[in-house]
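The entries below follow the order in which I went through them.

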Amino acid sequence: MSSRKTSKLIVVDAGGVILNGGMCPAIIEAVTMESKLGIERVTELFKTFMKPMWAGEHDEDWFFTNLLDSAGIPDSPRWRRIPINSEVALPGAVRALQSLSQAGPVWMLSVQVGTWLRGSLAACSADRYLERIFVSSEMGICKPNTGAYEPVIGAWEGKPEDVLFIDDTPKCLPPAEKLGIATHLAIKGDVQEWYEVASQFQKT
C-alpha cells in the first residue's frame with residue numbers, strides 16, 4: 001500500500017484519457033495511402049489482425065506481416081515506428097498524472113500492445129507517474145471482459161470501492177462496477193474534466 005496521503009487508487013485508461021488514441025488511425029491511413037485498397041477494406045483488415053494481437057495471441061511481427069501482405073505492401077522496419085510515434089500525450093495529461101501520483105497511487109488498464117503502449121508512455125514521460133501498467137496483450141484478455149479487471153483488484157491491497165477506474169468507453173465501465181470498483185466516464189480528450197473527478201475521489 002502506498003504511504004502517501006490517500007488510501008485510494010486511481011486507474012486510468014490510455015487512449016482518450018492519457019494518450020490521443022492516434023495509433024489506429026495512423027496505421028490505417030498509412031496502409032491506405034500505399035495500397036490500392038479503400039479505407040473501408042483497410043480498416044476491416046486492421047481490425048481482423050489487431051484484435052488477436054491486443055489479446056496477446058500474436059506479436060507485432062505477425063500483425064504487420066499479415067496486414068501488409070493482405071494490402072500488397074512490402075514490409076519494412078519503418079512500420080514498427082508508427083504505433084509509438086503516433087500515440088502522444090493529451091494536453092495536460094502528464095501534469096495531471098504527476099499531480100495525482102503525489103497524493104496516491106495511479107495505475108493504468110488498457111487494451112493495447114504492451115511494447116507500443118510502454119514506448120508511447122515513456123516518450124512523453126507519463127510512465128514516471130504510473131506505478132502499475134496492466135495491458136491486454138500481456139494479460140491475454142481485453143476490456144470489457146470482467147477478467148481484465150480482476151488482476152487490478154488482485155494486485156490492490158485495499159477495498160474495490162477505494163478504486164476509481166476512468167475510461168472514455170461506456171461499455172468498459174459496467175464490468176468494473178460489478179466488481180465493486182467506482183467508475184467515471186471520461187469525456188474523450190478532456191483531461192481537466194476527469195482530473196477534477198479523480199482528485200476529489202482521492203480526498204474522500
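**Entry 1. Largest pocket.** I took a pocket to be an open set of grid points with protein on both sides within 12 Å along at least five of seven lines. The model is a predicted one, and I read everything below with that in mind. How much space lies in the largest pocket? I noted about 650 Å³. I then looked up its lining, which has 26 residues, and those closest to the centre are Asp13, Cys24, Trp54, Val111 and Thr169. By class, I recorded 11 nonpolar, seven polar and eight charged residues in that lining.

I also checked which helices take part. Both α1 (23-34) and α2 (39-54) supply at least two residues of the lining. The most comes from α1, which gives three residues.

**Entry 2. Helix α1.** Which residues of α1 are buried? I listed Met23, Ile27, Ile28, Ala30, Val31 and Thr32. The cover over these buried residues includes α2, α3 (60-71), α4 (78-86) and α6 (114-123).

**Entry 3. Ser35.** I moved on to the loop between α1 and α2, where Ser35 has its place. Is Ser35 buried or exposed? Its relative accessible area is 12%, so I put Ser35 down as buried. Leaving aside neighbours within four places in sequence, I found Ser35 in contact with Val42, Ala71 and Ile73. I also looked at Gly72, which is 37 residues from Ser35 along the chain, and the C-alpha atoms of the two are separated by 6.4 Å.

**Entry 4. Nonpolar cores.** The largest nonpolar core has 29 residues, and I noted Ile10, Val12, Ile18, Met108, Leu121, Ile166 and Trp194 as those with the most contacts inside it. The elements that give two or more residues to this core are β1 (9-12), α5 (93-103), β2 (106-110), α6, β3 (132-135), β4 (163-167) and α10 (191-203). I found that α10 gives the most, with five residues.

I followed up Ile10 from that list. Which residues does Ile10 contact, leaving aside its neighbours within four places in sequence? I wrote down Leu100, Pro105, Val106, Trp107, Leu164, Ile166, Ala198, Phe201 and Gln202.

**Entry 5. Cavity.** How many cavities of 30 Å³ or more does a search of the whole structure find? I got one. The largest cavity has a volume of about 40 Å³. I listed its lining as Val11, Leu109, Tyr149, Val152, Val163, Phe165 and Ile181. By class, that lining has seven nonpolar, no polar and no charged residues.

**Entry 6. α6 and Ser125.** I listed the buried residues of α6 as Gly114, Trp116, Leu117, Ser120 and Leu121. Just after α6 comes Ser125, with a positive phi of about 70°. Ser125 is found in the loop between α6 and β3. I flagged the angle because most residues other than glycine have a negative phi. The relative accessible area of Ser125 is 22%, so I recorded this residue as partly exposed.

**Entry 7. The loop between α7 and α8.** I finished with the loop between α7 (136-139) and α8 (150-155), in which Pro144 lies. The peptide bond from Lys143 to Pro144 is cis, with omega near 10°. I flagged this too, because most peptide bonds are trans.

Ile141 has its place in the loop between α7 and α8 as well. At a relative accessible area of 25%, I recorded Ile141 as partly exposed. Leaving aside neighbours within four places in sequence, I found Ile141 in contact with Ala55, Ser136, Gly147 and Ala148. I also checked Ile141 against Val152, 11 residues away along the chain, and their C-alpha atoms are separated by 13 Å.

How values were computed:
Residues are numbered from 1 along each chain as its sequence is written. This is a predicted model: local features need pLDDT of at least 70, side-chain atom pairs count only at pLDDT 80 or more; totals for chains, interfaces and linings use all residues. Side-chain values use heavy atoms; hydrogens and water are left out. On a 1 Å grid over the protein atoms alone, a cavity is a set of points where a 1.4 Å probe fits but cannot get out, and a pocket is an open set with protein on both sides within 12 Å along at least five of seven lines; lining residues have an atom within 4 Å of a point. Grid points are joined across faces, edges and corners, and a volume is the space filled by probe spheres set on the points. Helices (H or I, at least four residues) and strands (E, at least two) are DSSP runs, numbered from the N terminus. Ala, Val, Leu, Ile, Met, Phe, Trp, Tyr, Cys and Pro count as nonpolar, Asp, Glu, Lys and Arg as charged, and the others, Gly among them, as polar. Buried means under 20% relative accessible area, exposed over 50%, partly exposed in between (1.4 Å probe, protein chains only). Contact means heavy atoms within 4.5 Å. A nonpolar core is a set of buried Ala, Val, Leu, Ile, Met, Phe, Trp, Tyr and Cys residues joined through side-chain atoms within 4.5 Å.
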